[in-house]
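Please keep the structure in view while reading.

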Amino acid sequence: MSQESVLETQSLEKWFGGVRAVAGVDFRMRRGELRCLIGPNGAGKSTFFKLVTGQLRASGGRIIFDGQEITGRAPHTIGRLGIGIKNQVPSVFEGLSVAENLWLAARLRHSTTGARVAVEEMIYRLNLGNVAKQTVGTLAHGMRQWVDIGMVMAQRPKLMLLDEPTAGMAAEEIERTVELIRVINSDASVVVVEHDMEFIRRLNSFVTVFHQGRILVEDVMDNVQRDPRVREVYLGRSRHT
Ligand SMILES: Nc1ncnc2c1ncn2[C@@H]1O[C@H](COP(=O)(O)OP(=O)(O)OP(=O)(O)O)[C@@H](O)[C@H]1O
């Protein structure tokens with residue numbers, strides 16, 4: 001594997017019974033890169049994420065993170081090595097405050113002092129100072145998503161996976177999420193799975209298109225949207241254009 005790669009998969013496969021959800025994926029991204037992953041429903045994007053984080057065990061192939069093979073490693077080991085994931089459903093504690101949530105996440109990786117520093121930094125970087133003491137369950141949907149993202153950031157991952165971070169967000173919340181992803185990407189590699197094409201366009205990154213568990217196309221968004229194969233399987237559908 002190239003020294004430049006933060007993540008590489010080789011012939012990665014996942015079967016669920018007779019369904020080949022991930023069907024031999026050779027994926028590679030550079031250290032420091034921001035990459036978007038798109039594809040129609042059922043294309044295998046979430047399964048790919050879960051294989052990388054160890055939430056699911058691969059049926060075949062290899063996963064290499066930061067120069068080290070992580071295939072078959074447990075999720076907590078992979079987390080400690082530096083891969084963080086924000087799943088579609090926020091894993092916040094609704095009954096605790098923003099600061100308490102960030103603290104619990106930060107303590108997974110840091111000493112008491114280090115965690116305190118990380119919490120303060122996340123509150124600042126996420127611009128959550130006004131709501132730091134507020135109970136997360138009382139916050140608007142967008143803010144809960146940002147707290148969830150902050151909890152992953154507080155662990156200082158080298159690679160952050162974001163599964164549909166803008167789902168259910170209003171336009172101004174989406175705008176702020178674009179900025180937040182740039183902040184995250186200033187010191188971590190990032191992969192974003194999204195259905196919102198305008199959001200992907202705003203992120204202005206290299207895009208990988210999944211279809212039926214395989215990589216169909218990899219290119220910049222302009223070329224992806226013009227590609228007839230992509231239009232056929234995905235962008236031609238009114239819901240996604
Ligand atoms: N736990 C599971 N058991 C059985 N089949 C599964 C499981 N998880 C996913 N699948 C199947 O694997 C395929 C890929 O699903 P996956 O959720 O990875 O797609 P996706 O691209 O993330 O879709 P979406 O955009 O709708 O989230 C689908 O056919 C799905 O039904």
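Two strands count as paired if DSSP finds at least two bridges between them. The model discussed here is predicted.

**The sheet.** Strand E6 (residues 83-86) and strand E7 (residues 159-163) run parallel and are joined by 4 bridges. Within this pairing, Lys-86 stands opposite Leu-162 in E7, and the bridge partner of Gly-84 in E7 is Met-160. Ile-83 and Ile-85 point one way from E6, while Gly-84 and Lys-86 point the other way; all are buried.

E6 and E7 belong to an open sheet of 6 strands, in the order E6-E7-E8-E3-E9-E10 and with mixed pairing. Because E6 and strand E10 (214-220) stand at the edges with a single partner strand each, one side of each has no neighbour in the sheet. From one strand to the next, the twist averages 20°.

| Helix | Strands | Angle |
|---|---|---|
| H1 (residues 45-53) | lies across E3, E6, E7, E8 and E9 | about 150° to E7 |
| H6 (residues 171-185) | touches E3, E7 and E8 | about 150° with E8 |

**A helix pair.** Helix H3 (residues 98-107) packs with helix H5 (residues 141-153) at an angle of about 30°, and their axes are 8 Å apart. This angle makes H3 roughly parallel to H5. The crossing of H3 past H5 is right-handed. In the contact, Val-98, Asn-101, Leu-102 and Ala-105 of H3 meet Val-147, Gly-150 and Met-151 of H5. These contact residues comprise 5 nonpolar, 2 polar and no charged.

Terms used:
Residues numbered from 1 in each chain as written. Predicted model: local features only at pLDDT ≥ 70, side-chain atom pairs only at ≥ 80, totals over all residues. Axes fitted to C-alpha atoms, helices over the stretch in contact; angles between N-to-C directions. Helix = DSSP H or I, 4+ residues; strand = E, 2+ residues; numbered from the N terminus. Parallel < 35°, antiparallel > 145°, perpendicular 65-115°, else oblique. Left-handed = near helix turned anticlockwise from the far one by under 90°. Contact = placed C-beta atoms within 7 Å. Nonpolar A, V, L, I, M, F, W, Y, C, P; charged D, E, K, R; others polar. Buried ≥ 20, exposed ≤ 12 C-beta atoms within 10 Å, placed from the backbone.
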